2 protein chains.
Amino acid sequence: MYGRPHLAGFECKEDTTILLDKNENPFRLPPSLREQIRQVVSGIDLNRYPDPEARALKQVLSEMTGISWREIVVGNGGDEILELLFTAFTDKGQKVLTLSPTFTQYPELCRRHKVEWVPVPLRFEEKRIVFDQERFLEAVSSCSPALVLLDTPNNPTGIRIPNDFLSEFSERFKGVFVVDEAYGEFARETFLECFRNRTLPERLCILKTLSKAWGMAGLRIGYAACSPSVAERVESVRDPYNVGLLPQEIAKIVLKYGEWMESRVLSIRYLRDQLVKGINRITGWRAFESESNFVLVRSPIPISRVRERMEEACIQLKYLTLEQPGDWFRVSVGREEELGMFMNLLQELN
Amino acid sequence: MYGRPHLAGFECKEDTTILLDKNENPFRLPPSLREQIRQVVSGIDLNRYPDPEARALKQVLSEMTGISWREIVVGNGGDEILELLFTAFTDKGQKVLTLSPTFTQYPELCRRHKVEWVPVPLRFEEKRIVFDQERFLEAVSSCSPALVLLDTPNNPTGIRIPNDFLSEFSERFKGVFVVDEAYGEFARETFLECFRNRTLPERLCILKTLSKAWGMAGLRIGYAACSPSVAERVESVRDPYNVGLLPQEIAKIVLKYGEWMESRVLSIRYLRDQLVKGINRITGWRAFESESNFVLVRSPIPISRVRERMEEACIQLKYLTLEQPGDWFRVSVGREEELGMFMNLLQELN
């Protein structure tokens, strides 16, 4: 039962495998932060329940974002907040509208909650992927969804929905509007920034996570900035002890390292843009501009050949089946040396 | 927003408050275990997602319980597994049957999932509380619940349902049967033990937690031993990263300290039985025999007076509104000196 079953047949050890499949932050924590975490863990009484309101953590998040702590919900990863939003705001048989392609957890949640998933396709052009505002607005008008769920930057394309559009839509839409900015820090602007020291409009929820830019995928902390009425409904369907003592305490420390996080984000953006250019220089391959920490790639050769070669070299990518012709994968922006090995393989494959 | 709002008006500091309200284990971790936890935390890469299958932790749980890892589900506390069971096995408008009184989270989950809660009362006699098997079986026959949820030992009464009855019922009942043994270690026998090296019957799920006897309320780890078909359904509605890296790693260490846990359980049982005797020696007060780490008490004086005096002394209890006449509270079995202070107050109150 151990090991990496999807690599069966190949001898990849955990510490030599290059993980470019889950959009994790490839940088480890700085030593001073590790030391602070060790100290907190030493002093903590794990026999006691955590604060069910996560008040101290909300206070830190509030200071960072300029959103009142009353409008902040904290979850066991962004995943849990998505689950709570579905529980609070959808009923069996209703419709939930998202982009397509999109985060695979959205259709999964639709299935789980027995709601109808309405995917609105992004337009794939030769060199770019476009969010078609009219098409989207028509789809919303014609199906009256209970929930609209937009990930921006979008996973797996990396494109961003402009703030102007999000702002206008959030004023007009009558259902609950969830903007998932899990990858927001890697983009040129975020929607969350617009609400610093302002109350969020009714029925809006902006989702954030510590799993990506903050490099805390293993910790499981997500949070949402919600209008007070949305926050109240979400809180009413939340388990009281959904966020453990250690995640609450460690997150409070990590969030003090904003400059460290930002410097990592700058490195990732730089490496990402280099990666896109590098791939596009190889004849036949197409990498799309991204505002996130991953890049969508169309391969000129069958994806099975890419996969075989990458797995032999112990490089993990995310292979995708899209509603588009062609062979696709998504590559996360790893460290420079990891991306170098990936690029070498790609060049050999050609 | 800080502090303990329910103690407003009283000056209770966190480190002098006596917490006898949440059925926590009052003992801190032994130093060697703390040291091992520190070492694990130092080496962990929190920028990586946890194992979505919690395979290594399931292996440890499997060795401990004698249940195959394929029949084990791990959750963010037992609370999350309860939530998953409701999602997997109930539909709006169906019925869920429990004891009454019972764990307050059960009616809460019924509300959240829009199912009808059918509470079957325990029989309160002068000196004991009785589980009426016939009454229970009649209620099941007459309402055909989708889910039956029995907590044993029951919260807040501390009574246990005999294994023979549970065994027979699990063979006969056609819906999903959940036996919540969160407090099982404090009882004379557990139902889980019956399934060592055996497959669980269809539609049975036995729920366990590390929050009580194992003293890990802050960690958020619960697990369930389920028949393979129940396990599969629960896994299908679970978020992939529901249990973080730290809880997985720390739980694996803690579970090696079985002897430490058992010695703590013996202390708690001893203190509990002394507590029951002590309370019953005071004229007018009634404490009921318990197989758990808490004791249900009927007060001869108005509960508001008890509450006022306890809060002045910074002792927290759980005050209850039951379907029974009288004034009730539940007191968790704390450390000897904590229970001594509690008993002194009770004697003064009389």
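The model is predicted: local features need pLDDT of at least 70, side-chain atom pairs count only at pLDDT 80 or more, and totals for chains, interfaces and linings use all residues. Residues are numbered from 1 along each chain as its sequence is written, chains are lettered from A in the order in which they are written, and side-chain values use heavy atoms, without hydrogens and water.

**Both chains**

Select chains A and B. A rotation of 180° with 0.0 Å of shift along its axis superposes chain A on chain B, with an RMSD of 0.0 Å (least squares on the C-alpha atoms of residues with pLDDT of at least 70 in both). The copies are thus related as by a two-fold rotation axis. Now select A:Arg38: in chain A, its C-alpha is the nearest to the axis, at 3.0 Å.

**The largest cavity**

Next, select A:Lys92, A:His113, B:Asp91, B:Lys92 and B:His113, which lie nearest the centre of the largest cavity. (A cavity is a set of points on a 1 Å grid over the protein atoms alone where a 1.4 Å probe fits but cannot get out; lining residues have an atom within 4 Å of a point.) The lining has 16 residues, and the space is about 330 Å³ (the volume filled by probe spheres set on the points).

**B:Asn293**

Finally, select B:Asn293. Is this residue buried or exposed? B:Asn293 counts as buried because its relative accessibility is 0% (buried means under 20%, with a 1.4 Å probe and protein chains only).

Terms used: Buried < 20%, exposed > 50% of the residue type's maximum accessible area, 1.4 Å probe, protein only. 1 Å grid on protein atoms, 1.4 Å probe; cavity = no way out; pocket = protein on both sides within 12 Å on 5 of 7 lines; lining within 4 Å.
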